[in-house]
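Let's take a walk through this structure together. Have the sequence and the coordinates open as you read.

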Amino acid sequence: MSLGLWVLAGALVAGVVLSVLKSWIDGRFRGKASEVDRISAADVGVELGERATLLQFSSAFCAPCRVTRRTLAEVEGMVEGVRHVELDAESHLDLVRKLDILRTPTTLVLDSTGAVVKRASGAPRKPDVIAALATAIDHQPN
């Protein structure tokens, strides 16, 4: 086999591996990754949810942001005391930097005190949102 075919095969394998890795990671909730302990109503400009808040960072031309908006709005309607707040990342750059938001959509799940309990980059699936929300609702403030 020639060198060109080896390079092509290597590029194909790398592309498949990166694609599988991205699909496995995209939209999955994980523990908080920023140093910020709490987000207040003053930080986001609206009141937070009584039991928990789904804070979504979006941008204008982001197709996955629209999917995320619908998913989070559905979950908000299912669980009493939960609020979905969507912020435009470009309009809230200080908060984006403070929270280390690297892409849109990014969803933060906050407990009743505004503590970041979970976060996901990419469009999360509804069951994952519900599971992360359960963690936030059960989270005992320090």
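Predicted model: local features only at pLDDT ≥ 70, side-chain atom pairs only at ≥ 80, totals over all residues.

Let's begin with helix 5, which runs over residues 126-138. Its 13 residues reach 18 Å from the first C-alpha to the last, close to the 18 Å expected at 1.5 Å a residue. Which residues of helix 5 are buried? They are Asp-128, Val-129, Ala-132, Leu-133 and Ala-136. Because these residues cover an arc of only 135° around the axis, they sit on the same side of helix 5.

On the face away from the buried side of helix 5 you will find the exposed residues Pro-127 and Asp-138. As for the buried residues of helix 5, their cover includes strand 2 (52-58), helix 3 (63-78), strand 3 (82-88), strand 4 (106-111) and strand 5 (116-121).

Glu-74 is partly exposed, with a relative accessible area of 41%. Glu-74 and Lys-126 are 52 residues apart in sequence, yet their C-alpha atoms are 8.4 Å apart in space.

Our last stop is the disulfide, and a search of the whole structure finds one. This disulfide joins Cys-62 to Cys-65, with an S to S distance of 2.2 Å. The torsion about the S-S bond of Cys-62 and Cys-65 is about 85°, so the disulfide is right-handed. Are these two cysteines buried or exposed? Both Cys-62 and Cys-65 are buried.

Definitions and conventions. Residues numbered from 1 in each chain as written. Heavy atoms only, no water. Helix = DSSP H or I, 4+ residues; strand = E, 2+ residues; numbered from the N terminus. Expected span 1.5 Å × (residues − 1). Buried < 20%, exposed > 50% of the residue type's maximum accessible area, 1.4 Å probe, protein only. Arc of directions from axis to C-beta. Contact = heavy atoms within 4.5 Å. Disulfide = S-S within 2.5 Å.
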